[in-house]
Amino acid sequence: MIAFVLALSAAALPAAAQCVGQNLIAALPEAQRAEIAQRSAAMPYHRGLYWRARKGAAQITMIGTFHFDDPGHDAIVAALTPVIAEAETLLVEMGPEEEARMKARMEADPGLLVSLDGPTLPERLSQEDWQALSEALEARGVPAVMASRMRPWYAATILSLAPCMMRQMAEPDAEGGLDRQLMDVAQRENVALRALEPWDTVLTIFGGLTPQEEIDLIRYSLPSAAHADDYAVTMADAYADQDVWSVWEFVRLDAYRNSGLTRAEVDAMTAEAQDVLMDRRNRNWIAPLTDAAQDAAADGRAVVAAFGALHLPGENGVLRLLEREGWAIERLPL
């Protein structure tokens with residue numbers, strides 16, 4: 001679940017040719033597909049990846065991204081290249097400077113990702129859950145002895161990445177996700193890059209979880225591990241269909257059935273994940289987005305913003321938050 005949020009709230013999908021599996025939503029009984037569709041349709045701006053917001057002379061063009069390479073990105077990059085070339089700024093979740101600072105910090109302080117003291121994951125999880133977690137991480141190239149000391153959020157993040165996605169990320173010639181490809185365009189066109197949030201956001205985002213919530217995060221993510229390649233294909237199809245919220249609702253449904261948590265616990269974890277991973281960050285992004293657009297308007301120009309697709313829809317999504325501040329929202333063809 002975490003990787004799905006990070007992939008769509010900062011990301012790009014793997015190519016279907018690299019991740020082979022079935023679309024898990026399409027395989028559901030009709031009643032469950034209808035429930036997912038109904039829940040998704042209730043979300044404002046749930047369908048669409050490419051948008052424009054206007055307020056007076058200020059203009060923001062937004063693209064919802066996915067953080068792994070995909071052949072479908074070629075057409076998006078081609079369509080956005082002239083738009084970025086004319087923009088004053090490209091705003092992204094994390095630019096090259098922020099990435100470098102985060103990498104340096106993680107290398108200098110391994111305690112950010114692993115617990116150097118205190119109880120290990122085998123001690124905190126049930127024997128059954130630890131067995132499932134360790135086997136899943138082994139399949140992703142992480143030995144059990146290393147996995148035992150991982151911080152729960154980091155273990156859950158790796159757990160939710162399909163092995164095919166891990167292989168893709170390790171390829172030396174991988175082009176990177178849509179965000180990276182659009183940043184490359186901006187750098188070639190000498191367009192300024194600006195980060196929407198501090199460089200350490202990803203490292204601090206889970207700091208408020210209680211010890212029990214940390215363990216529940218792993219339990220919530222375990223059901224997807226056994227069908228990770230299928231999850232990757234399901235996400236790819238939803239992104240191509242420009243209806244990413246449907247996968248968010250599928251993850252909830254899958255957790256109801258397979259996580260061992262009660263429906264109330266699943267709903268609480270889903271709400272917590274949405275608040276921590278999306279809603280809070282969305283609210284923090286509005287000022288950087290609108291300030292950059294107003295500054296550019298003073299020069300007779302606009303800005304482009306590229307960020308994870310799951311940040312677009314919903315009552316607390318970027319589009320609705322801009323709308324509440326008086327911006328006119330328009331979906332663009334893609």
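## Sheet and helices in a predicted model

Strand β3 and strand β5 (residues 303-308) run parallel to each other and are joined by four bridges. In this pairing, L90 has V304 of β5 as its bridge partner. The model described here is predicted.

β3 also pairs with β4, again in the parallel sense and over four bridges. Here the bridge partner of T89 is A192 in β4.

How are the two faces of strand β3 (residues 89-92) covered? T89 and L91 lie on one side, L90 and V92 lie on the other, and all of these residues are buried.

Within it, K55 has A58 of β2 as its bridge partner.

| Pair | Sense | Bridges | Bridge partners |
|---|---|---|---|
| β3 and β5 | parallel | four | L90 and V304 |
| β3 and β4 | parallel | four | T89 and A192 |

Turning to the helices, helix α13 (residues 228-240) has 13 residues. From its first C-alpha to its last, α13 reaches 18 Å, close to the 18 Å expected at 1.5 Å a residue. Is α13 mostly covered or mostly uncovered? It is mostly covered, as 10 of its 13 residues are buried. Among the buried residues of α13 are D230, Y231, T234, M235 and Y239. Q242, which follows α13, has a positive phi, near 60°.

Helix α14 (residues 245-258) and helix α15 (residues 263-298) have axes that come within 9 Å and cross at roughly 145°. The crossing of α14 with α15 is right-handed. Which residues meet in this contact? From α14 come W245, W248, R252, A255 and Y256, and from α15 come R263, V266, D267, T270, A273, Q274 and M278. The residues of this contact comprise seven nonpolar, two polar and three charged.

Methods. Residues are numbered from 1 along each chain as its sequence is written. This is a predicted model: local features need pLDDT of at least 70, side-chain atom pairs count only at pLDDT 80 or more; totals for chains, interfaces and linings use all residues. Side-chain values use heavy atoms; hydrogens and water are left out. Two strands pair if DSSP finds at least two bridges between them. Axes are lines fitted to C-alpha atoms, for helices over the stretch in contact, and angles run from 0 to 180 degrees between N-to-C directions. A crossing is left-handed if the near helix is turned anticlockwise from the far one by less than a right angle, and right-handed if clockwise. Contact means heavy atoms within 4.5 Å. Ala, Val, Leu, Ile, Met, Phe, Trp, Tyr, Cys and Pro count as nonpolar, Asp, Glu, Lys and Arg as charged, and the others, Gly among them, as polar. The expected span of a helix is 1.5 Å times one less than its number of residues. Buried means under 20% relative accessible area, exposed over 50%, partly exposed in between (1.4 Å probe, protein chains only).
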